[in-house]
Amino acid sequence: MTQPVACEWGLPGIQALRERAAVLVIVDVLSFSTAVDVALARGASVIPFPLGDPALAQAAAENNGALLAAPRRAGAQFSLSPATLQQLPSGARLLLPSPNGSRLSLEAAPVPVLTACLRNFASVATAAAKLAGSRMIGVIPAGERWPDDTLRPAIEDWCGAGAVIDALDRPMTAEAKVARDAFRAAGHDLPALVRDSLSGRELIERGFAVDVEMATAIGVSAIAPLLVDGAYRPA
């Protein structure tokens, strides 16, 4: 009997599902999961790393022979901005600090981890189903953070999680069904909804409208990023 797909938010969601799920899918549409998809399409691999200590990040990049992604800002060569990763050299290793997607990717171990966005949700769903067989799949919308570091639910991640769940076509928990229904209800309006979301407006106002555009290119990628030996590579 196939176990259901479950959907829970952020770090508490991982902690709730880690002991039961055969695979966890991290969904951080703006922008970690989108950045990983773009980097892997260039033939690179991505090492998730927690945001917060530049010296530790620099040391980790050097130890891994990796390029270090800078904080997202105008003019950075490589950063969490997916637009900056379109020129990554093939074969590069990129150390990618981020406050949400990287943190959750690392917390999910030792469970197999995939990361999904609106670009690649169908491919990730296929890979998750192969990895899980009849066992449970956990889908984790990352969300954002409020200034006090509490979870800020994000509609782009909720709908991204729903897209993965919709593509899985398996039994689901009530929470997973609501996420799936949100994705279905958004329909063709989803890119506009993401642009008008709090996360989307924040990025656009900071000059990263292209990142939002790339993140809302729905279903354009066949890549399923799988965390293997500490780095995301195509499954």
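User: Is Asp169 buried or exposed?
Analyst: Asp169 is exposed, with a relative accessible area of 69%. Buried means under 20% relative accessible area, exposed over 50%, and partly exposed in between, with a 1.4 Å probe and protein chains only. Before we go on: this is a predicted model, where local features need pLDDT of at least 70, side-chain atom pairs count only at pLDDT 80 or more, and totals for chains, interfaces and linings use all residues. Residues are numbered from 1 along each chain as its sequence is written, and side-chain values use heavy atoms, with hydrogens and water left out.

User: Where is Asp169, and what is its phi?
Analyst: Asp169 is in the loop between H6 and helix H7 (174-186). Its phi is near 55 degrees, a positive value in a residue other than glycine. Most residues other than glycine have a negative phi. On the labels: helices (H or I, at least four residues) and strands (E, at least two) are DSSP runs, numbered from the N terminus.

User: What about phi of Asp149?
Analyst: Phi of Asp149 is near 70 degrees, also positive. Asp149 is in the loop between strand S8 (144-145) and strand S9 (151-152). Asp149 is partly exposed, at 44% relative accessible area.

User: Which peptide bonds are cis?
Analyst: Leu30 to Ser31 is cis, with omega near 15 degrees. Ala109 to Pro110 is cis too, with omega near 5 degrees. Most peptide bonds are trans.

User: Where do Ser31 and Pro110 sit?
Analyst: Both are in loops. Ser31 lies between strand S2 (21-27) and helix H2 (32-41). Pro110 lies between H4 and strand S6 (113-116).

User: Switching to rings. How many aromatic pairs are there?
Analyst: Three. Rings of Phe, Tyr and Trp (its six-membered ring) pair if their centres lie within 6.5 Å; planes under 30 degrees apart count as stacked, over 60 as edge-to-face and the rest as tilted. One of the pairs is Trp9 with Trp158, which is stacked: 5.5 Å centre to centre, 15 degrees between the planes.

User: Which parts does the pair of Trp9 and Trp158 tie together?
Analyst: Trp9 lies in the loop between strand S1 (5-7) and H1, and Trp158 in helix H6 (residues 155-168), so the pair ties together parts that are 149 residues apart in sequence. Trp9 is partly exposed, at 21% relative accessible area.

User: Which charged ends sit over rings?
Analyst: Arg72 has its charged end over the ring of Phe208, 5.4 Å from the ring centre. Arg152 does this with Trp146, at 5.5 Å. The test is NZ of Lys or CZ of Arg within 6 Å of the ring centre and within 35 degrees of the ring normal.

User: Now pockets. How much space lies in the largest pocket?
Analyst: About 550 Å³. On a 1 Å grid over the protein atoms alone, a pocket is an open set of points with protein on both sides within 12 Å along at least five of seven lines; a cavity is a set where a 1.4 Å probe fits but cannot get out; lining residues have an atom within 4 Å of a point. Grid points are joined across faces, edges and corners, and a volume is the space filled by probe spheres set on the points.

User: What lines the largest pocket?
Analyst: It is lined by 28 residues, of which Leu51, Arg72, Leu80, Pro99 and Arg206 lie nearest its centre. They divide into 14 nonpolar, six polar and eight charged. Ala, Val, Leu, Ile, Met, Phe, Trp, Tyr, Cys and Pro count as nonpolar, Asp, Glu, Lys and Arg as charged, and the others, Gly among them, as polar.

User: Which element gives the most to that lining?
Analyst: H9, with three residues.

User: How many cavities of 30 Å³ or more are there?
Analyst: One. Helix H1 (10-17) and helix H4 (101-107) each supply at least two residues of the lining.

User: Last one. How do S10 and S11 run?
Analyst: Antiparallel: four bridges join strand S10 (residues 225-228) to strand S11 (residues 231-234). Strands pair if DSSP finds at least two bridges between them. S10 and S11 form a hairpin with two residues between them, and Asp229 in the turn has a positive phi of about 50 degrees. Leu227 stands opposite Tyr232 in S11.
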